[in-house]
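Here is a protein to explore by question and answer. Look it over before reading on.

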Amino acid sequence: MLRDDHKAATLKLLYVCLMGAGLVITVQPQPAPPSIYSLGQAAGTLALTAIAVQLVLASRWRILERGVGLDRIMRWHSANAKFIALFVLLHPLLLFLRQLLKGDIMAPYTMYGTDILGGVIGAVIIGIIWISVLKRKQLGLLYERWRLVHLLTYLLVAIGLSHSLLLGSDIKSGRPLYTWWLLLAAVSVAAVVYRYVVRRITFAGSEYEVVANKLETHDVHTITLRPTDGTVLGHESGQFAFLTFTSEDLPVEEHPFTIASAPGGDTISFSIKESGDFTALLGKVERRDMAHVEGPYGVFSNRSMPGPFVLIAGGIGITPLMSMLRAMHKEGDTQPQTLLLYANRTQGDIAFLGELAAIERGSDWLRVVHVLSKETVEGMRHGFVDGLVLSDEIEELTAPTYFICGPPPMMDALRTTLAELGVPDDQVVTERFAL
Ligand SMILES: Cc1cc2nc3c(=O)[nH]c(=O)nc-3n(C[C@H](O)[C@H](O)[C@H](O)COP(=O)(O)OP(=O)(O)OC[C@H]3O[C@@H](n4cnc5c(N)ncnc54)[C@H](O)[C@@H]3O)c2cc1C
């Protein structure tokens, strides 16, 4: 089992301790209750602390990710961003509350002159990043451009650190706070160095050559890769990797895709649906094109779990489940009872139809049920994977572990339905194709 919920809980506790330490170091225990002004200073320290944590969360640090999952880390990243915005807002509000309440909105400038500019620029950058996060779809911002806007965070760190050092009299004078400031600066630099230098050196050997590009359905390509040095990355079924093609016809962009093949082969394969500007170009990938593979990441795996399993896939969400089924098939006949509920719009959208039928025919542990929403086909169910389908197809609903991967609305609805059917939450494992 790849998931480590204790580690996730420990990391959350560590976060609370870090923020608590930032607060205590700034306000420092004193007999009198802390003043509003010192709480404003603390908000500044907490903003900087959360920004340093943000860089660590974005660094794809393996020790951090292992057992927790990059998707969960990225969810924390989003939650932490809200704290950053809150503390950045509270910082000037609390520092100048008394003057602001008197209507003196120029107080920060009167007190600090143009030195306050760094703080203003930092706040504007946070505003820009927030608008790009909240309004990406409405602004029609391509993911890659959005990523570029996001990189402004690095500038924010530099501005935040110099702003606090220049203006924070408490930082310059107070030893513990100055040490804290140095620590944050060191953590931020280490996170950036890890993300852009160490990670690249560590994965320098992960170059692969395209050996096949097969059309699986009308819009799903299976691309098979062989490592140039003969060593395939060691992955578990269900994990994913970041793939970058260095083909003349494709932009050099890194995208996350699940390794759909079973572990242990001398090649790896990815099955990718045309769903946007980059994936629409995958038909142009040719044999002997090169690709860089970074991974594996993720904890969506049934490895070493006892079963029985119910695997529920929506469309291209089949890839991690396909990897699990291929691995189980490869391992032999004595596998836990497994039901695959596979939802698609039409029969023509079903990837791996023949291969799934062959695994099912050749084993006594797998049963496959296809569910089509836009077509009626004999031998397949019509509609959606809902409470009725689950109750019909699963004898003892609370016995299996459920692995679900598909469009977010489908996964949310299924989580609710399974809870209503009495399935404990820890028996439901989901994977979102979004970081
Ligand atoms: C863990 C994981 C596993 C995945 N496995 C598969 C798979 O096996 N098969 C498959 O077809 N798809 C998979 N995806 C989805 C795949 O990454 C996106 O469909 C693809 O990146 C879309 O790129 P695009 O430019 O064509 O589409 P766009 O329309 O530009 O993007 C669609 C969405 O994909 C995400 N995305 C786009 N570019 C990137 C990027 N460079 N890095 C991270 N996210 C990005 C964003 O959320 C974006 O909103 C997976 C995603 C994740 C997170």
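Predicted model: local features only at pLDDT ≥ 70, side-chain atom pairs only at ≥ 80, totals over all residues.

Q: What percentage of the residues of the protein count as buried?
A: A residue is buried when its relative accessible area is under 20%. N344, in strand 8, is one example, because its relative accessibility is 8%. Over the 435 residues, the buried share is 48%.

Q: Which element gives the largest share of the shell around the ligand?
A: The shell around the ligand holds 24 residues. Its residues divide into ten nonpolar, seven polar and seven charged. E254, H255, P256, K273 and T279 come nearest to the ligand. The largest share is five residues, and they come from strand 4.

Q: How much of the ligand does the protein bury?
A: Start with the contacts. A ligand nitrogen is 2.6 Å from a polar backbone atom of E254, and a ligand oxygen is 2.7 Å from an N or O atom in the side chain of H255. Taken alone, the ligand exposes 890 Å². Of that area, the protein buries 87%.

Q: Is I201 buried or exposed?
A: I201 is found in helix 12, residues 175–202. With V189, V193, V197 and V198, I201 forms a nonpolar surface patch of about 410 Å² of accessible area together. The cut-off for exposed is over 50% relative accessible area. I201 has 61%, so I201 counts as exposed.

Q: Is W130 buried or partly exposed?
A: W130 is found in helix 7, residues 117–134. Its C-alpha atom is 11 Å from that of W146, 16 residues apart along the chain. Buried means under 20% relative accessible area. W130 has 21%, so W130 is partly exposed.

Q: Why does the pair R199 and E294 tie together parts of the protein, and how many residues apart are those parts in sequence?
A: Side chains of opposite charge can pair when their charged atoms come close. The side chains of R199 and E294 meet in a salt bridge, 2.4 Å from N to O. R199 lies in helix 12 and E294 in strand 6, so the pair ties together parts whose separation in sequence is 95 residues.

Q: Which residues are linked with R199 and E294 in a network of salt bridges?
A: R199 is buried, with a relative accessible area of 3%. E294 counts as buried too, at 5%. A search of the whole structure finds 15 salt bridges. In the network, R199 and E294 are linked with R60, R147 and E254.

Q: Which residue forms a salt bridge with D5?
A: D5 is partly exposed, with a relative accessible area of 39%. The closest N and O atoms of the pair are 3.6 Å apart. A salt bridge needs a distance within 4 Å, so the pair qualifies, and the partner of D5 is R3.

Definitions and conventions
Residues numbered from 1 in each chain as written. Heavy atoms only, no water. Near = heavy atom within 4 Å. Polar contact = N/O pair within 3.5 Å; in protein donor to acceptor, adjacent residues only side chain to side chain. Areas by Shrake-Rupley, 256 points an atom, 1.4 Å probe, with all protein chains shown as cover. Helix = DSSP H or I, 4+ residues; strand = E, 2+ residues; numbered from the N terminus. Nonpolar A, V, L, I, M, F, W, Y, C, P; charged D, E, K, R; others polar. Patch = residues over 30% accessible without salt bridge, like charges linked within 9 Å, V, L, I, M, F, W, Y side chains within 5 Å. Buried < 20%, exposed > 50% of the residue type's maximum accessible area, 1.4 Å probe, protein only.
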